[in-house]
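We will go stop by stop.

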Protein chains: 2
Amino acid sequence: MAKKTLTTLQTIAERLGLSVSTVSRVLNDKSDQYRISARTQHAVQDMARQLDFRPNQLARSLRLRKTQTLGLVIPDISNPFFAQIARHVEIEARSRHYSIILCDTQESTDLEIESIRLLRSREVEGLIVVPVGQKSDHLKTLQAESFPVVIVDRLLSDLDLPYVASDNYQGAYDAVCYLIDHGHTRIACLQGLPGTSPNQQRVRGYRDALGAHGIVPDSDLIRGDSYGSQTGYEQTLQLLLRNSPVTALFALSNLIGLGAIRALAELKRRIGKDISLLCFDDQPYLAYMDPPITTVDQQNTEMGRLAVRLLFEQLAGQTKENKGLLLPTQFIERKSVNNLCLERRDKCDSTH
Amino acid sequence: MAKKTLTTLQTIAERLGLSVSTVSRVLNDKSDQYRISARTQHAVQDMARQLDFRPNQLARSLRLRKTQTLGLVIPDISNPFFAQIARHVEIEARSRHYSIILCDTQESTDLEIESIRLLRSREVEGLIVVPVGQKSDHLKTLQAESFPVVIVDRLLSDLDLPYVASDNYQGAYDAVCYLIDHGHTRIACLQGLPGTSPNQQRVRGYRDALGAHGIVPDSDLIRGDSYGSQTGYEQTLQLLLRNSPVTALFALSNLIGLGAIRALAELKRRIGKDISLLCFDDQPYLAYMDPPITTVDQQNTEMGRLAVRLLFEQLAGQTKENKGLLLPTQFIERKSVNNLCLERRDKCDSTH
DNA sequence: TTGTAAGCGTTATCAT
DNA sequence: ATGATAACGCTTACAA
């Protein structure tokens, strides 16, 4: 049988014939401030160690009105992209002696609302939210109450909260320019969830890059409606089975890219030869495919870290105008994009 | 400026000229039990809604000695395998109105110890731990104090705590039998972290399967020392560059498999043709590779779910003898293993 | 049908 | 150099 009796300040105080205040002070390194005798100090320290005393953070938080806890709200923690963000949120928070309560909203706005309520009920000092991205009233409430919060990845247009996200527009723009520079003009855009900001920005980058090179975007080439792999698979299949003359696919998420890869394999199209592929979102396995896939990498480590920093700026009471951080993406050139200019150098050098 | 004044039971009580107890009772659905008038009930409910009252869980937990919180301790939340477990731990816990405090121990035993201490300081009611897997004294302490805990994935031999893990032995055994049935006898085993139980069990399964077929395990073919992709890459390279006559690789984690795939691509060995590959641990991308990789899938969704259930059994005071759950793995046959038995008649291209 | 008061474990404000 | 006491917000005997 284990000891059922919790060790508290009381316990120590009684055993030593001291008051709880004294014990509390010693254990909070206030001995000097209160000029507590060396003997008492040691006695308390020893007893605390001996009883393996752990201060009750609940009581502490209640009294101090400070929980040293942040809420992390994520649509799907099993998605590696979010998992990486979560990891660095946790690490950065821990380095500041804060803990993370995790809520997986399963891409449901209702769960997101419930989660935020729950977290506030638990008196988290701030929230880091990757919103599902469709409704925003509950987030507006946070804004109105100026509750500390940072939005990550999925921005909402009618919101004015601090955020961290990738520069999705520029990342897509550059990627498409790269494709065009390699002689591609018929580029399909396999998109994610249309209502969400990353998708919108990426599609806009895609369109603008085409436009800047005098190519009229063909809306039939913008296809798909979710970030999952199924979409990538189906859309690629449809596109190629009807003999659409596309030479390149631009997949707006790594899962979509995965679906495309599967479809291409089934159709026996060799990536980087018969057809080109470029994915938004890098993941370790993409470097190990045959051929390695060219991607637009997002700095998710940095996103997690910065989200916490932005949150702490708010906690520190920095009233500075609402900061939004757009992190540059990194273009990673590998072997999945064919250079059509080298193959048929009759038409290509004019475009730049 | 937002209202700084927290809404509490007090607030409601004062506004209504009632006592906090009455308000508390109404809000906790004890109206009937205490025969509180319908008028009071509605008044309280309305006011609570109007003020958007959220009960302070800190105070509640302190009073009730019940936090409705579990601690989740994971070596690396960005590892998809663990992320999936985490997801289903969260979902299952939430369905029981419990929250999760997440700690990423970064594969460090020190951080694991610190995390557990922290979580207990926060009065979590139970712990779900995927241990780093090397030291176990701190876990023994939990056992000694019979603190509710469930160990996941990485078991420790000198521990007698409830656990959930895959049947790594059987999974590996079956996989190697499959390879042997397909005519392979020189099978390399690319192992993970030697000290950890999943690795030990898998290696044992590998050895026993060979033995059962009269093949003497060549210890030179058991190589590697970590679950990461770097190991898989290096060991595969070494093995093949010295012209070891292996016909198949058995990678003991998906990351190791990834490294092997990269090495094979560099060496221009065609998987499923020139050499065979089989991975422990399925991940979505493995189905989409060319060729799709044959794997041993683990039920990580189920692991997360069951871990929570086992924990709740303990919370409910079920003293039944310490339950350990070994989940069967699932063999997923794809295209990465060559059938040497069929090929033997017309071999023309096997230059190694 | 409702109110009073004690207490959960801690820290801060007075005292002494 | 140390102790008593109140308070954080809540629940629950015990009263009324």
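Two strands count as paired if DSSP finds at least two bridges between them. Helices (H or I, at least four residues) and strands (E, at least two) are DSSP runs, numbered from the N terminus. This is a predicted model, where local features need pLDDT of at least 70, side-chain atom pairs count only at pLDDT 80 or more, and totals for chains, interfaces and linings use all residues. Residues are numbered from 1 along each chain as its sequence is written, and chains are lettered from A in the order in which they are written.

**Stop 1: strands in chain A.** Select 163–166 of chain A, strand β5. Look for A:Ser166: its bridge partner in β11 is A:Leu327.

**Stop 2: domains of chain A.** Colour domain 1 (3–63), domain 2 (68–166 + 300–329) and domain 3 (168–298 + 332–347). These bounds come from an automatic or database domain assignment. The C-alpha centres of domains 1 and 3 lie 62 Å apart.

**Stop 3: a sheet in chain B.** Move to chain B and show its open sheet of six strands, in the order β7-β6-β8-β9-β10-β12. The pairing is mixed. β7 (222–223) and β12 (330–332) stand at the edges with a single partner strand each, so one side of each has no neighbour in the sheet. Inside this sheet, select β6 (187–190) and β8 (248–251), which pair in the parallel sense over four bridges. B:Cys189 has B:Phe250 as its bridge partner in β8.

**Stop 4: both chains.** How is chain B laid on chain A? A turn of 180° and a shift of 0.0 Å along the axis do it, with an RMSD of 0.1 Å. That is the relation of a two-fold axis. The copies are superposed by least squares on the C-alpha atoms of residues with pLDDT of at least 70 in both. Select B:Ile101: of the residues of chain B, its C-alpha comes closest to the rotation axis, at 2.2 Å. The same surface serves both copies, as 100% of the contact residues of chain B (contact means heavy atoms within 4.5 Å) recur in chain A.

Conventions
Heavy atoms only, no water.
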